[in-house]
Amino acid sequence: MLIRKRRDWDLPDKAATPESIFLNRRSIVKGLGLGVALAGVAPVAGVLSGARADDDGAEADPTAGLYPVPRNDGIALDRPISPEDVATTYNNFYEFGSHKEISSLAQKLPLRPWTVTFDGLVEKEQVVDFDDLIRKMPLEERLYRHRCVERWAIAVPYSGFPLRALLDFARPLGSAKYVVMQTFEDTGFAPGQRQFWYPWPYVEGLTMAEAANELAFIATGYYGKPIPKQNGAPLRLAVPWKYGFKHIKSIVRFTFSEERPVSFWEEIASNEYGFWANVNPEVPHRRWSQAEEHFFGPDGKEWRPTQPYNGYGEYVAGLYKGRENEALFM
Ligand SMILES: Nc1nc2c(c(=O)[nH]1)N[C@H]1C(S)=C(S)[C@@H](COP(=O)(O)O)O[C@H]1N2
Ligand SMILES: [Mo]
């Protein structure tokens, strides 16, 4: 894996794990039958096949008129907002490359039509057009911190809706314990997905209690406009008490499951990227300390202390009572 422009604050790339290990892990996981959750979220044929890549990214967005949306001031931000040009050009989106400068490549992501599937343990399976779905949701803006496991951090205005509103729409059965989310899969426009040693598609999951927490948010907008492709258009997850890799982008499927899914990074390196991934300054990554973070502020980069649960403990610490023996902070 290459880091094209290695800056002084960049850390060794996650993908330093040898390719052979990726492959072995995947086959071991499958062999044990633990790949069930992944197999259960294979893409629906035709979801994206009719879509057309638009290189200039200028297709009319039928949701543009929904923004700006009212701000929810109930959730405080302890710092200024990061510059929009940083938040939209310094990204992680491995479908478009394993480096930070994917914003122009990501413009090839076709956004219409975009359907979202709700399946697994639900009252009734549904395939919904994104433009209809968003109009059923209570839209608001929230200012959230975002902390990547690699140590860089931003503070951004997301527009969107609480994940809880989407749960109400999806009507999961009482037997559902997890919500599993999946990104699109198409090697035609996503060159990173030709790197076959990664366990595509990108999958992430939350417990139902985490998903119902008031902080769990689906972002459809960024800086008062529809969210850019490189940031996960047309809908991505925002769970600000967890490391950035949980924030799955460009979601096409929500599957409700009794089984805990094995997420993309967990499958690659389960000793470095766990299921819970709650931010904690005191639990180092295997290859670096998490005590500090590198915040992209209005005056440039600045080091700040990392906060437990990224500063959101009052909302979420209670979710983890009784799980003290699990690896909650990796
Ligand atoms: N599908 C998908 N979602 C993803 C990723 C990815 O590579 N693919 N990277 C994650 C990581 S590691 C981070 S830090 C955030 C970055 O979000 P941003 O580029 O909007 O800041 O997206 C997350 N969501
Ligand atoms: Mo990240």
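User: Which residues come nearest to ligand 1?

Analyst: A residue is near a molecule if one of its heavy atoms lies within 4 Å of it. Of the 19 residues around ligand 1, Asn91, Tyr94, Glu95, His247 and Lys249 come nearest. This is a predicted model: local features need pLDDT of at least 70, side-chain atom pairs pLDDT 80 or more, while totals for chains, interfaces and linings use all residues. Residues are numbered from 1 along each chain as written, chains are lettered from A and ligands numbered from 1 in written order, and side-chain values use heavy atoms, without hydrogens and water.

User: Which backbone atom is 2.8 Å from a nitrogen atom of ligand 1?

Analyst: Look for polar contacts, meaning pairs of N or O atoms within 3.5 Å. Here a polar backbone atom of His247 is 2.8 Å from that nitrogen. Polar side-chain atoms also approach oxygen atoms of ligand 1: one of Asn231 at 2.9 Å, and one of Arg236 at 3.2 Å. Taken alone, ligand 1 exposes 540 Å² (Shrake-Rupley, 1.4 Å probe), and the protein buries 100% of that.

User: How many salt bridges does the structure hold?

Analyst: Side chains of opposite charge can pair when their charged atoms come close. The criterion is a side-chain nitrogen of Lys or Arg within 4 Å of a carboxyl oxygen of Asp or Glu. The structure holds 19. Among them, Arg253 pairs with Asp119, closest N and O atoms 2.4 Å apart. Asp78 pairs with Arg79 at 2.8 Å.

User: Is Arg79 buried or exposed?

Analyst: Buried means under 20% relative accessible area, exposed over 50%, partly exposed in between (1.4 Å probe, protein chains only). Arg79 is buried at 7%. Asp78 is partly exposed at 40%.

Conventions
A polar contact is a pair of N or O atoms within 3.5 Å; within protein, one must be able to donate a hydrogen and the other to accept it, and residues adjacent in sequence count only if both atoms are side-chain atoms.
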